[in-house]
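Subject: Structure for you to look over

Dear colleague,

I am passing on the structure we spoke about, together with its sequence, and below it you will find my notes on what came out of the analysis. Please read them with the model open beside you.

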Amino acid sequence: MIDLCVIGAGPAGLMAAHRAADAGLSVTLVDAMPSMGRKFLMAGKSGLNITKDEPFDQFCAAFGASQIWLRPMLRDFSNRDVCNWARALDQEIFTGSSGRVFPTVMKASPLLRNWLQRLNAARVSLHTRWEWVGFSDRVNHFNTPDGPQEITARATVLALGGASWRRLGARGTWAEILGNKGVDIAPFRPANMGFQVNWSVHMQKHFGQPIKPATLSAGPDRVRGEFVIGRNGIEGSAVYALSARLREGAPLIVDLMPDTSQQQLQARLLRANPKNSLSNILRKSLRLPAAKIALFHECTPKVTQSEIPTLIKNLPLAHLGPRPIDEAISTAGGVMQSALNTDLMLHQCAGVFCAGEMLDWEAPTGGYLISGCLATGRWAAQGAIDYLASNSAARRNISL
């Protein structure tokens with residue numbers, strides 16, 4: 001029997017194994033995929049954004065309603081701690097103008113390689129291609145290339161991910177297993193995803209073009225950034241930041257010229273040649289690029305010149321809802337807070353802890369997702385450490 005079995009080798013599982021090994025526990029880390037950290041590596045393809053450098057209260061606010069129960073975990077392993085963790089893995093980091101923090105090499109692979117080397121040095125046993133299929137008492141059951149296998153552990157940390165990007169291992173099949181144990185599971189919903197728009201044929205030549213700068217609004221939330229016109233709709237950081245509001249039905253409003261006031265737009269239009277077409281007015285008088293002009297026409301098929309300033313600042317962009325969940329960067333839903341104690345141990349399963357994206361929380365991209373996974377992974381591992389220490393003390397008292 002080992003002390004701790006960690007199942008799932010994304011950021012949460014890796015951090016749980018790291019913390020437990022540092023505490024002197026015997027640890028086995030298991031993943032269903034041929035190699036570890038696959039989604040972590042994918043996240044780093046365009047630059048690994050590990051956290052956000054901003055005041056702690058502002059950082060927590062990005063987690064929305066989830067911040068209430070995640071706040072102690074985020075404080076215990078804060079955005080500053082994430083930076084120190086990366087440096088401890090021999091990764092130089094830098095902070096961009098937006099406050100996003102990246103490794104200088106802009107890749108996930110060197111960090112992951114060093115991390116796995118540290119786990120090997122700490123004698124963490126690593127298994128890949130081991131698919132978790134459930135547990136009974138302290139025994140975890142796996143399907144492996146060599147047939148069924150079992151690991152008996154005094155405690156378990158589940159870090160099995162959400163239900164997006166199935167090809168990278170996050171399939172969400174664990175939800176049925178835990179649900180059958182009486183664990184409260186919130187239905188999976190896409191998060192940080194694009195939204196479906198059935199464009200007219202006139203938009204095809206603008207596919208792949210960014211709309212920037214822009215300010216997007218959904219309900220009370222406003223985000224300045226950019227988004228991309230895609231073949232199937234819209235996507236990009238500004239859309240992802242509002243995805244929870246949009247998913248719940250808030251209308252999407254776009255300010256195509258966030259640095260120009262409506263009064264300034266009206267003044268420009270007064271100087272425009274009244275004989276110019278609408279497209280010429282948008283291009284010559286307002287200096288909009290072609291993609292923004294096309295989007296304006298797409299969203300407002302009939303418009304008078306007097307309406308232009310208002311619509312430039314408040315362009316309604318209709319959509320048909322989220323793209324499929326498997327295309328989402330992350331998911332909401334999963335193990336509910338009500339199913340867990342404050343150490344992230346399941347009420348229904350003593351000694352079994354949960355961490356990472358399989359918990360029912362969501363946050364935007366920009367470093368928050370990885371920070372949240374690291375923090376909950378560390379917190380769950382500490383809960384397991386305390387649980388094992390408490391049980392050992394209880395056994396000693398009984399023997400005395």
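Strand β4 and strand β5 (residues 100-103) pair in the antiparallel sense over three bridges, where strands are DSSP runs of E with at least two residues, helices are runs of H or I with at least four, and both are numbered from the N terminus; two strands count as paired if DSSP finds at least two bridges between them. Within this pairing, Ile 93 has Pro 103 of β5 as its bridge partner. Both strands belong to an open, antiparallel sheet of three strands in the order β3-β5-β4, in which β3 and β4 (93-95) are the edge strands, each pairing on one side only.

Before going further, please note that this is a predicted model, in which local features need pLDDT of at least 70 and side-chain atom pairs count only at pLDDT 80 or more, while totals for chains, interfaces and linings use all residues. Residues are numbered from 1 along each chain as its sequence is written, and side-chain values use heavy atoms, with hydrogens and water left out.

As for the whole chain, there are 14 helices and 18 strands, and the C-alpha atoms fill a box of roughly 95 × 40 × 35 Å along the principal axes. Of the 400 residues, 52% are buried, where buried means under 20% relative accessible area, exposed means over 50%, and partly exposed lies in between (1.4 Å probe, protein chains only). Among contacts (heavy atoms within 4.5 Å) between residues at least 6 apart in sequence, 69% join residues at least 24 apart.

Strand β1 (residues 2-7) has six of its six residues buried, so it is largely enclosed by the rest of the structure. This strand runs parallel to strand β2 (residues 27-30), to which four bridges join it, and it also pairs in the parallel sense with strand β9 (residues 147-158), over five bridges. Cys 5 has a bridge partner in each of these neighbours, namely Thr 28 in β2 and Thr 156 in β9. With helix α1 (residues 11-22), strands β1 and β2 make a right-handed β-α-β unit, the hand being right if, with the strands pointing away from the viewer, the path from the first strand over the helix to the second runs clockwise.

Turning to the nonpolar cores, by which I mean sets of buried Ala, Val, Leu, Ile, Met, Phe, Trp, Tyr and Cys residues joined through side-chain atoms within 4.5 Å, the largest has 85 residues, and those with the most contacts inside it are Trp 85, Leu 178, Val 335 and Leu 346. Helix α14 (residues 368-399) supplies the largest share of this core, 12 residues. Apart from this core lies another, of 41 residues, including Met 193, Phe 227, Ile 234 and Leu 288.

UniProt, in an unreviewed entry, places the feature "domain: RsdA/BaiN/AoA(So)-like insert" at residues 189-330; its positions are given in the numbering used here, feature names are shortened, and annotations may be inferred rather than shown by experiment. Over residues 189-330 the chain is 30% helix and 24% strand, with the end C-alpha atoms 9 Å apart.

There is also an open sheet of six strands, with antiparallel pairing and the order β11-β14-β13-β12-β15-β16, whose edge strands are β11 (195-196) and β16 (315-316). In this sheet, β13 (residues 221-230) and β14 (residues 233-235) pair over three bridges, with Ile 229 opposite Ile 234 in β14. Helix α12 (residues 290-299) packs on the sheet and touches β12 (210-218), β13 and β16, its direction making about 40° with that of β12 (axes are lines fitted to C-alpha atoms, for helices over the stretch in contact, and angles run from 0 to 180 degrees between N-to-C directions).

Most residues other than glycine have a negative phi, and most peptide bonds are trans. Lys 212 and Pro 213, however, are joined by a cis peptide bond with omega of about -15°, and Pro 213 is found in strand β12. Arg 129, in the loop between β6 (125-127) and β7 (131-136), has a positive phi of about 60° and counts as partly exposed at 46% relative accessibility. Arg 287, in the loop between α11 (278-285) and α12, also has a positive phi of about 60°, and at 62% relative accessibility this arginine counts as exposed.

With best regards
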